[in-house]
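This report looks at charged side-chain pairs and at the surroundings of a ligand. Please keep the sequence and the model at hand while reading.

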Amino acid sequence: MHRIEEILRKQIGLDATSIGSSVIERTSRLRMKQCGLKDAEEYDRLLAESPEELSTLVEAIVVTETWFMRGREAFAAFADLAINDWLPRNPKAEMRVLSLPCSSGEEPYSMVMALLDAGMPADRFTVDAVDISANALARAGNAIYGKNSFRVKHLEFRDKYFVQVEDGYALSPDIQRHVTFHRDNLLREGYKSGVRYDFIFCRNLLIYFDRVTQSAALNKIRTMLAPDGVLFVGPAEMPIVTDYGFANANISHAFASRMLETRSQRSEVRSSKSDLRLPGSDFDLPAVASLEMDRAVSPLIIARRLADAGQLADAEMLCRKHLETDDTCAEGYYLLGLVKDAANDPEAINYYRKAIYLEPNHYEALVHAALWLEKNGDVTRADAFKRRVERVRPKHQVES
Ligand SMILES: C[S@@+](CC[C@H](N)C(=O)[O-])C[C@H]1O[C@@H](n2cnc3c(N)ncnc32)[C@H](O)[C@@H]1O
């Protein structure tokens, strides 16, 4: 399976630890079965000879999870910058915007809605949207969305720009017409847009890459961004881009940055980052946002907050990255178990067990393992864990 991980790393930059080797193994074995192959070496050969099979495997592996107005502060900041900064400086030009990766279209369509709501003239901007997944792009072109695409609390935009149809909500053609979708791979040799974009959203892609691939991806993004352009990334990705040489634009909870011009500007920003400290302790998304520049904060704290904010895929990714550097961290396995549990994934119990193996008195892991087993009908084992819970229960809880 190591060969397949290497192929995926080379083709799409995927760092196997980000989604877990077991996911890659399961998916590859399923594909082998569907192709009627028993031997992993035969499947390697097929992947090398057949671009179609490679593309099918990539489709099955990529995480295309997304939703409308994901990280709504980014869309508010983007629209505000467009109207109050870009428009006055460019009274005649057309504003160019890129969403890469765009997945099934929720992100670029959210950009259009945000711009129009903020008063951007409809004939003054265009949005390009790029993704490697043909399936996701087909959903974007169809532009009919189910409830998973509407996860944010405030849904006024749905009432305004969608009509309910039999299988979901159909997006207005007035929004759709602003977006042009392309299928491409950011890491493909020779991939370049030929356009300098005023705004680029590259959110929740870099987290799937290793360090070298992150730099290669950012090299490309830098060449596509206008000199005074703004780059938006995902919450867990801000340290990656500031390390690379972008400067945080310091827009609250938006994860926006601009490219620094010179090497000395870059090192100035790097040295000032060590002054930042962990802010307040409320477990909501804004708290996650305010952690964005502090590399000293444990990825597990950020992961926990992302999990609490319902961003399970991002939380899982950070746990895995953390475990990659410390595979004896019980807390990391426990948190991964919680994330899996929240997603109703049966792997949850294995991670709780691993946490307990590493730290036999890990109280929360014991409690959650007992609850999981009980929920899944294994009363005998659940009782055994409950007895252990009783033995290690913190004293103040026994007394209260
Ligand atoms: C989690 S989605 C992010 C979508 C959106 N930006 C968001 O934040 O909601 C990640 C997307 O990256 C795409 N992707 C993965 N590797 C890619 C590559 N090398 N080039 C282009 N797209 C890629 C996947 O197909 C998937 O749709």
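## A salt bridge within one helix

The side chains of Arg29 and Glu25 meet in a salt bridge with an N to O distance of 3.2 Å, the term standing for a side-chain nitrogen of Lys or Arg within 4 Å of a carboxyl oxygen of Asp or Glu. Because Arg29 and Glu25 are four residues apart in helix H3 (residues 21–34), about one helical turn separates them. Helices are DSSP runs of H or I with at least four residues, strands are runs of E with at least two, and both are numbered from the N terminus.

Arg29 is partly exposed at a relative accessible area of 41%, and Glu25, at 33%, also counts as partly exposed. On this scale, buried means under 20% relative accessible area, exposed means over 50%, and partly exposed lies in between, with a 1.4 Å probe and protein chains only.

## Basis of the values

The model is predicted, so local features need pLDDT of at least 70 and side-chain atom pairs count only at pLDDT 80 or more, whereas totals for chains, interfaces and linings use all residues. Residues are numbered from 1 along each chain as its sequence is written, and side-chain values use heavy atoms, with hydrogens and water left out.

A search of the whole structure finds 23 salt bridges. One of them joins the side chains of Asp210 and Arg9 at 2.2 Å, N to O. Asp210 lies in the loop between strand S7 (197–201) and helix H11 (211–224), while Arg9 belongs to helix H1 (residues 2–12), so this pair ties together parts that are 201 residues apart in sequence. Asp210 counts as buried at 16% relative accessibility, whereas Arg9, at 30%, counts as partly exposed.

The side chains of Lys160 and Asp117 also meet in a salt bridge, with an N to O distance of 2.8 Å. This pair links distant parts of the chain, with Lys160 in helix H9 (residues 156–161) and Asp117 in helix H7 (residues 106–117), 43 residues apart. Lys160 is exposed at 56% relative accessibility, whereas Asp117 is partly exposed at 42%. Elsewhere, salt bridges link Asp85, Arg89, Asp228 and Arg258 in a network.

## Lys386 and its partners

Lys386 is found in helix H20 (residues 379–392) and, at 33% relative accessibility, counts as partly exposed. Leaving aside neighbours within four places in sequence, Lys386 is in contact (heavy atoms within 4.5 Å) with Ala370 and Glu374. With Glu374, the side chain of Lys386 forms a polar contact of 2.3 Å. A polar contact is a pair of N or O atoms within 3.5 Å; within protein, one must be able to donate a hydrogen and the other to accept it, and residues adjacent in sequence count only if both atoms are side-chain atoms. The C-alpha atoms of Lys386 and Val367, which are 19 residues apart along the chain, are separated by 7.0 Å.

## Around the ligand

Of the 19 residues around the ligand (a heavy atom within 4 Å of it), Thr66, Pro101, Asp131, Asn185 and Asn204 come nearest. An N or O atom in the side chain of Asn185 is 2.8 Å from a nitrogen atom of the ligand, and a backbone N or O atom of Leu186 lies 3.0 Å from a ligand nitrogen atom. A polar side-chain atom of Asn204 lies 2.7 Å from an oxygen atom of the ligand. The protein covers 97% of the 600 Å² of accessible area that the ligand has on its own, such areas coming from the Shrake-Rupley method with a 1.4 Å probe; for residues, only the protein chains shown count as cover.
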